[in-house]
Amino acid sequence: MLVSILSSLVKGLNRMQEIVGGLRELGKRHRDYKIARADYDKVLRALLRTLEEFLTEDLTSEIRHAWITVYGMIAETMIDAAED
């Protein structure tokens, strides 16, 4: 599910305003699942380790930073909705 959502979000980065509503709804559902803020950090670490493992030297600092930035936006949008 995470890979599918990330794929959709990356493809839709130029349409972020359209995506935010869905992310907020997802964040509210994650609140109901008792997902804590710290859990989002764990997912980011797992994502980065996976990218490092599969991309090896192709994972440049720029690509790594881009993934951190995109994931951070996703996580913050979901956390904000969960905390409302």
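Mentor: Let us begin with a definition: a residue is buried under 20% relative accessible area, exposed over 50%, and partly exposed in between, with a 1.4 Å probe and protein chains only. By that scale Lys42, at 46% relative accessibility, counts as partly exposed. This is a predicted model, in which local features need pLDDT of at least 70 and side-chain atom pairs count only at pLDDT 80 or more, while totals for chains, interfaces and linings use all residues. Residues are numbered from 1 along each chain as its sequence is written, and side-chain values use heavy atoms, with hydrogens and water left out.

Trainee: Which residue forms a salt bridge with Lys42?

Mentor: Asp39 does, with the closest N and O atoms 3.6 Å apart; a salt bridge here is a side-chain nitrogen of Lys or Arg within 4 Å of a carboxyl oxygen of Asp or Glu. Both Asp39 and Lys42 lie in helix α3, three residues apart, which is about one turn of the helix. Helices (H or I, at least four residues) and strands (E, at least two) are DSSP runs, numbered from the N terminus.

Trainee: How many salt bridges does the structure hold?

Mentor: It holds eight salt bridges. In one of them the side chains of Arg37 and Glu76 meet at 3.4 Å, N to O. Arg37 lies in helix α3 and Glu76 in helix α4, so this pair ties together parts that are 39 residues apart in sequence. Arg37 is partly exposed at 40% relative accessibility, and Glu76 is partly exposed too, with a relative accessible area of 37%.

Trainee: And what about Asp32, is it buried or exposed?

Mentor: Asp32 counts as exposed, because its relative accessibility is 53%. Its side chain meets that of Arg31 in a salt bridge of 3.8 Å, N to O, and Arg31 is partly exposed at 34%.

Trainee: New topic: which residues in the largest nonpolar core touch the most other members?

Mentor: They are Leu23, Tyr40, Tyr71, Ile74 and Met78, out of 18 residues in that core. A nonpolar core is a set of buried Ala, Val, Leu, Ile, Met, Phe, Trp, Tyr and Cys residues joined through side-chain atoms within 4.5 Å. The elements that give two or more residues to this core are α1, α2, α3 and α4, and α4 gives the most, with six residues.

Trainee: What does Tyr40 touch, not counting residues up to four places away in sequence?

Mentor: Tyr40 touches His30, Ile35, Tyr71, Ala75, Met78 and Ile79 on that count, where contact means heavy atoms within 4.5 Å.

Trainee: Which residues lie nearest the centre of the largest pocket?

Mentor: Leu2, Leu26, His30, Tyr40 and Met78 lie nearest its centre, among the 15 residues that line the largest pocket. The largest share of that lining, four residues, comes from α1.

Trainee: Last one: where is Asp84 found?

Mentor: Asp84 is found in the segment after α4, and Asp84 is exposed, with a relative accessible area of 66%. Leaving aside its neighbours within four places in sequence, Asp84 is in contact with Arg24 and Arg31. Asp84 and Ile35 are 49 residues apart in sequence and 14 Å apart in space, C-alpha to C-alpha.

Methods: 1 Å grid on protein atoms, 1.4 Å probe; cavity = no way out; pocket = protein on both sides within 12 Å on 5 of 7 lines; lining within 4 Å.
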